[in-house]
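This report looks at selected helices and residues in one protein model. The sequence and structure come first.

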Amino acid sequence: FDNLIDLDFLNEVANMVEFPYLYIGSFPKKYLNLPHEVLKYVIQDSQKYFVLYKNGKIINYFIGVSNVEINKGIIQGNERVIRPRLDDAQFFISKDLSNNIFEKKSLLDKVIFHKKLGSISEKVQRIVELSSYLNSKSHNDENHFYKKIAEVCKIDLISNMVVEIPKLQGYIGSYYASKLNMDNIVSSGIREHYAPRNPEDDLPSDISSQIVSIADKVDTIVGIFLVNEKPTGTRDPIGIRRSTNGVLRMILQMDYNISLTELINKAYEVISSKFSLLKDNKKSLSDCHIFLKEKLISLLKDNYGFEENIIFSVINNSKNIIPKDILRKINAISKIRNNQSYNELFSNAKRVSNILKKSDFKLPEKINKNLLKEFSEKELYNGVNEIKKELQLFLDTYNYIEYLKKMNTLNNYIEHFFQEVMINTDDEDIKLNRLSLLYEINKYYNKVANFSILIH
């Protein structure tokens, strides 16, 4: 039921009438050749009728709602009203197809995206560049469809149909591409690059469409921040929050890592290279980074149900925000968080961290084995070296559960070290060497998270 009837529309109609009377009207079957979204717009959005379906497809009947008792004249009158709207749609589509809008890309020069960010044509150029960057991160050298989608994804903005009904952008371009026998991936990509249009919407189904969708949305997000029109309070005229949610959802569900930090910086580089006045707006760029980081935190908390302190232990420990990798780390920590056998790992991590915080000495780059005097510090040093290769393997394969298991094996060595070794010895070189050993261990903890904040 929810999939076939828009509940917001149902509420809208309910508020339009005080004493509702329902009737069934019809229109000629020939109009069923019109695209699904066009029919739905004309019937529902324009005329405020309920669309009727059979086997998931729109049929040539509709349900109308009247505030007065139904008679034959009311039904016939509404049937007469809907036909010209469907005729107009049919005419615009026929005209667009005969003119082949895909051969008129230059007309996008005249369509303004934003007064400070240029035309749609300029935006398309940026989308192509960002899509190429994103595709390089997928390591999929054989993927060429993303560029074809990026080049034509906004072409229907010059169509008669979209000029008349802006809401149909993407849907109409996809329909025209299909009618003109363009590749299915390209035609569906034109529609899907707008997805997700809302939090409940599905993500683009193809990697090429995902790439173009992310590129388009990130260009808009970063651009709007650079021209100092970021969302404030309830004001969000271009839907930056919605676009941000879509970008993060896609990046989190992709099979490869995308750095959000690097992506934002790349978009800034692409935009500022075209508009030099925006080049020094580092404050707005910083605000953009903070905004997307905060939205990522909210998404991980609200959509995935992770504990806030676990999210912060990972994300605030990451200078380079890679959402997919952050998700893996949070997942791993969440699985061991309440496992008592890992209590020592968390407490040792906090103890090591606290000691290093109190130390403002410049530590040597390497640990000097000859300065390791006590058995327990030699034991700890050897214990770390023995598992280094395995730890790196687990990092390279994103196997953070096994990484944490392996780090957990150091607990006895660390306990012996703290029991037997005096760090603040009078010999400065030995003291700094011991701090360097703790610094080395702390680096391995920090590869996953700042565990110290997980201990109260």
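## Helix H2 and its surroundings

The buried residues of H2 pack against helix H1 (7–14), strand E2 (50–54), strand E3 (57–66), helix H3 (72–99), helix H6 (160–164) and helix H7 (171–179). Contact here means heavy atoms within 4.5 Å. Helices (H or I, at least four residues) and strands (E, at least two) are DSSP runs, numbered from the N terminus.

H2 spans residues 36–46, and its buried residues are Val38, Leu39, Val42, Ile43 and Gln44. Buried means under 20% relative accessible area, exposed over 50%, and partly exposed in between (1.4 Å probe, protein chains only). Lys48 follows H2 and has a positive phi, near 65 degrees.

## Basis of the model

This is a predicted model, in which local features need pLDDT of at least 70 and side-chain atom pairs count only at pLDDT 80 or more, while totals for chains, interfaces and linings use all residues. Residues are numbered from 1 along each chain as its sequence is written, and side-chain values use heavy atoms, with hydrogens and water left out.

## H4 against H11

Two packed helices are described by the angle between their axes and the distance between the axes. Helix H4 (residues 120–138) and helix H11 (residues 260–274) have axes that come within 10 Å and cross at roughly 150 degrees. Axes are lines fitted to C-alpha atoms, for helices over the stretch in contact, and angles run from 0 to 180 degrees between N-to-C directions. H4 and H11 are therefore roughly antiparallel. The cut-offs are under 35 degrees for roughly parallel, over 145 for roughly antiparallel, 65 to 115 for roughly perpendicular, and oblique for the rest.

From H4, the contact takes in Arg126, Glu129, Leu130, Tyr133, Leu134 and Lys137; from H11, Glu262, Leu263, Lys266, Ala267, Val270, Ile271 and Lys274. By class, this contact of H4 with H11 has 7 nonpolar, no polar and 6 charged residues. Ala, Val, Leu, Ile, Met, Phe, Trp, Tyr, Cys and Pro count as nonpolar, Asp, Glu, Lys and Arg as charged, and the others, Gly among them, as polar. The crossing of H4 and H11 is right-handed. That label applies if the near helix is turned clockwise from the far one by less than a right angle, and left-handed applies if anticlockwise.

## H10 against H12

The axes of helix H10 (residues 240–253) and helix H12 (residues 282–302) also come within 10 Å, crossing at roughly 65 degrees. H10 passes H12 in a right-handed crossing.

H10 contributes Ile240, Arg241, Thr244, Asn245, Leu248, Arg249 and Leu252, which meet Phe291, Leu292, Lys295, Leu296, Leu299 and Leu300 in H12. The residues of this contact of H10 with H12 divide into 8 nonpolar, 2 polar and 3 charged.

## Asp216 in H9

Asp216 lies in helix H9 (residues 207–226). Is Asp216 buried or exposed? Asp216 is buried, because its relative accessible area is 6%.

The side chains of Asp216 and Lys154 are joined by a polar contact of 2.9 Å. A polar contact is a pair of N or O atoms within 3.5 Å; within protein, one must be able to donate a hydrogen and the other to accept it, and residues adjacent in sequence count only if both atoms are side-chain atoms. Not counting residues up to four places away in sequence, Asp216 touches Lys123, Ile127, Lys154 and His193.

## The loop between H8 and H9

Ser205 sits in the loop between helix H8 (184–192) and H9. Ser205 counts as exposed, at 62% relative accessibility. A polar contact of 3.0 Å links the side chains of Ser205 and Glu192.

Asp202 is in the loop between H8 and H9. Asp202 is exposed, with a relative accessible area of 60%. Asp202 touches Ala195 and Pro196, not counting residues up to four places away in sequence.
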